[in-house]
Amino acid sequence: MPGKKGEVMWPRLVASKILNKRLGSNNFVADFPSDLESNFLEFPRFDSKSLSCSSILNDRVRTENYKIFVSTWNVGGVAPAEDLNMEELLDTCNICDIYVLGFQEVVPLRAANVLGPENSKISLKWNSLIREALNKKSFKNEGKSTESSNQYEFRCIISKQMVGILISVWIRTELRSFVRNPSVSCVGCGIMGCLGNKGSVSVRFRLHETSFCFVCSHLASGGREGDERYRNSNAAEILSRTSFPKGSSLDLPQKILDHDRVIFLGDLNYRISLPESATRLLVNKGEWNALLENDQLRMELKESQVFEGWHEGTIKFAPTYKYYPNSDQYFGGLEGKRGEKKRVPAW
């Protein structure tokens, strides 16, 4: 059926081409060359002793333990302030070996940002703040300057943005020689099922002989009954469509679930299936368990509708959706605010 005069038609194929034009498995930002397999890997020198049967067997069972920090934050389309202190978010008093930070809505999700060129300035700004916080050697406590226990330097090995989704991976410089095969894969699940206002940016790399995959996502929104099915569909699309290159040796995992360690993070947008008044009452009482019993994601997991076989981390904090900017007040919780959208608290 022909469109009305002046109506713009956006076939799925055209939209897909717009999205794919700026996506690529090796198209990401890093502090080091993207060809980490040749530039990062330092091959050990062998001697006759190191090639003995006992030493080879011992090497095969050797295990290294590392601490990984993973965080996700929907920043609501607001650029970070120049003096934003990231130390509290990164918990820099307890240094980890690897930091994975996911962001959603680093730019407002309007048409110009969804269809236009990527705004790389905003990701550079976030990465600059992360770099400053991770590599800070002192901090102020009650006005006094104190030396930090952080004696390490951190560098970015992968940073990738798709519209409002940004993921940034940082690692101790001492470990960079053991990192190989970094890659990214973007999946758009937004407008027409393919644009990047919703979807995921996934990153993968090998640390020693273990493959890691981190999936930073922003799933479909909506608080109406049945909207959770759209979120389930987005998650299934991400798991199905995400694909990484095989690598020169053709033995690298290509799909998300093929990796040794996988973490799915982001703004999943699942809500709490209770009336607004009941939800706010339980929030005010701090009854997290009662809220979690009605959490859509928990309910969908129990019914094997999504993320079958996955495990969610323990939740011992207040719902994170949705606050007024720079406050601890939820949307809809202040009197005198007329005409604003209802935002029932949720995780």
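Let's start with an open sheet of four strands, in the order β7-β8-β9-β10 and with mixed pairing. Two strands count as paired if DSSP finds at least two bridges between them, and the elements themselves are DSSP runs, numbered from the N terminus: helices are H or I over at least four residues, strands are E over at least two. At the edges sit β7 (179-188) and β10 (261-267), each pairing on one side only. Neighbouring strands here are turned by 15 degrees against each other on average, direction ignored. For angles like this, axes are lines fitted to C-alpha atoms (for helices, over the stretch in contact), and values run from 0 to 180 degrees between N-to-C directions.

A word on what you're looking at: this is a predicted model, where local features need pLDDT of at least 70 and side-chain atom pairs count only at pLDDT 80 or more, while totals for chains, interfaces and linings use all residues. Residues are numbered from 1 along each chain as its sequence is written, and side-chain values use heavy atoms, with hydrogens and water left out.

Back to the sheet. Strand β9 (residues 210-218) runs parallel to its partner β10, and seven bridges join the two. Lying across β7, β8 (199-207), β9 and β10 is helix α7 (residues 228-241), which runs at about 135 degrees to β7. Contact, by the way, means heavy atoms within 4.5 Å.

Now for another open sheet of four strands, this one ordered β1-β2-β6-β5, again with mixed pairing. Its edge strands are β1 (68-74) and β5 (154-162), each with pairing on one side only. The twist from one strand to the next averages 10 degrees. Inside the sheet, β2 (residues 98-104) and β6 (residues 165-172) pair in the antiparallel sense over six bridges, and F103 stands opposite L166 in β6. Helix α6 (residues 120-134) packs on this sheet, touching β1, β2, β5 and β6, and its direction makes about 30 degrees with that of β6.

K125 forms one with E82, the closest N and O atoms being 3.4 Å apart. Because K125 lies in α6 and E82 in the loop between β1 and α4 (87-90), the pair ties together parts that are 43 residues apart in sequence. K125 is partly exposed at 27% relative accessibility, while E82 is exposed with a relative accessible area of 65%. The cut-offs are simple: buried is under 20% relative accessible area, exposed is over 50%, and partly exposed is in between (1.4 Å probe, protein chains only). A salt bridge needs a side-chain nitrogen of Lys or Arg within 4 Å of a carboxyl oxygen of Asp or Glu.

The whole structure holds 12 salt bridges. One of them joins R280 and E276 at 2.9 Å, N to O. Both residues lie in helix α8 (residues 276-285), four residues apart, or about one turn of the helix. R280 counts as buried at 15% relative accessibility, and E276 as partly exposed at 23%. Elsewhere, salt bridges that share partners join D97, R172 and E174 into one network. R172 has another contact worth a look: its charged end sits over the ring of Y152, 4.4 Å from the centre. K322 does the like with F331, its charged end being 4.9 Å from the ring centre. To qualify, NZ of Lys or CZ of Arg must be within 6 Å of the ring centre and within 35 degrees of the ring normal.

That brings us to the rings. Those of Phe, Tyr and Trp (its six-membered ring) pair if their centres lie within 6.5 Å; planes under 30 degrees apart are stacked, over 60 edge-to-face, and the rest tilted. The count comes to 14 aromatic pairs. Take F205 and F214, a stacked pair at 6.1 Å centre to centre with 20 degrees between the planes; F205 and F214 are both buried. Y323 and Y330 are stacked too, at 4.5 Å centre to centre and 20 degrees between the planes. Here Y323 is partly exposed at 28% relative accessible area, whereas Y330 is buried at 11%. Finally, F69, Y99 and F154 come together in one aromatic cluster.
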